[in-house]
Each structure stands twice: as C-alpha cells, then as structure tokens.
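Reader: I am new to this structure. Could you show me how to read a few of its features?
Author: Gladly; let us look together.

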Amino acid sequence: MDLSTTYLGLNLPHPIMPGASPMVDHLDLVKRLEDVRDLLEAEARGDEVRVRFEQAVVMLHARQYEHAVTALHRVIELDPDLPEAHTHMGTLQMAQHFDFRGAEASFARALELSPGNATVLRGAGIMAFCVGRIEEAIELHRRAVERDPLSAATYHNLGFELHSENRFA
C-alpha cells in the first residue's frame, strides 16, 4: 500500500501522523518552514510591522535578545499602538537589561492600550512584584486569571505572590 503524500511541495513516504510517521520528529521544522513562508508573504505585501514583530518573537525564543530589542524598537516605531510589542519590550527591559524604569513605562503603555489583555496583565504583574509592589502584582494577576482562566503560569505567579505575603486562605 502506498502511503506517500505531498506536503509543502515535499514528497513524503508516509502521512504525517503522530506515532505513524518517521517525520513526526520533524514537525517543528515543518511548522517553522510554514512560518517562514508566511513571513515572506507578509514581507511581500509590505506588512513590515508583522514581519518585524515575528522576528522579535523568534529572536526571543532563540535567546538573541539584542536582535529582539532591535526588532521591537522598529515595531514600536512603525506601530506605537501595538500592546504586544510594548509587553515584549518590557519583559526584555526587566529580565535582560534590569531596566526597571523602562520596563515599567513599557508595561504602563501596554496596559493603557489593552487593559484587559491577559498577557499584558501577567507581564505587568511580574514587573510589579519585581519592584516590590506586591498588592498591585496580586491584583494584576487576579485580573489576568479572570481573562485567561486556563493559564497555569498566571496561577503560579498569583500563588507565589500570595505565599510571599503569607496569605494561604
């Protein structure tokens, strides 16, 4: 029986199904190739904001922080109203550069643009905790839990903050 298939122009000997294909180990690579294709299409359309934002995210995951900062600066220059860009910038400022004033400004702008965004609330909560504003951190993480009740990271952060204040009930 011939189980071959074509995917992204590649002739594969087996269908891509978890557990049934030797290609399973390469699904992440295939996904990255699809992402690159999407970025090239976005670039061809002139969507520089999306291209630069995606580059920043890729650089963050690759731990190429200076490249991520450069891409985020360009995104913010092109679209100063994109809350996700300010959130990522705040995270980099806080965690990599220990620039807490800059991070606070980035998170404040992200909260101004998208006060109900769970990712923004979570980042701002971490920032508040790092600078010792525990009650503010707890409030921000409680709001983030309301917006994204399936986020284990948010529950973890909230629990850690409550524990630090000896609030167990």
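**Reading the surface and a helix**

Author: Phe-98 is exposed, with a relative accessible area of 59%. Buried means under 20% relative accessible area, exposed over 50%, and partly exposed in between (1.4 Å probe, protein chains only). This is a predicted model, where local features need pLDDT of at least 70, side-chain atom pairs count only at pLDDT 80 or more, and totals for chains, interfaces and linings use all residues. Residues are numbered from 1 along each chain as its sequence is written, and side-chain values use heavy atoms, with hydrogens and water left out.

Reader: Where does Phe-98 lie?
Author: Helices are DSSP runs (H or I, at least four residues), numbered from the N terminus. Phe-98 is in the loop between helix H4 (83-95) and helix H5 (100-113).

Reader: How is a pair of aromatic rings described?
Author: By the distance of the centres and the angle of the planes. Rings of Phe, Tyr and Trp (its six-membered ring) pair if their centres lie within 6.5 Å; planes under 30 degrees apart count as stacked, over 60 as edge-to-face and the rest as tilted. The count here comes to 1 aromatic pair. The ring centres of Phe-129 and Phe-160 are 5.5 Å apart and their planes stand at 70°, so the pair is edge-to-face. It links distant parts of the chain, 31 residues apart: Phe-129 is in helix H6 (residues 118-130) and Phe-160 in helix H8 (residues 152-164).

Reader: Which residues of H8 are buried?
Author: They are Thr-154, Asn-157, Leu-158, Glu-161 and Leu-162. On the other side of H8, Ala-152 and His-156 are exposed.

Conventions: Helix = DSSP H or I, 4+ residues; strand = E, 2+ residues; numbered from the N terminus.
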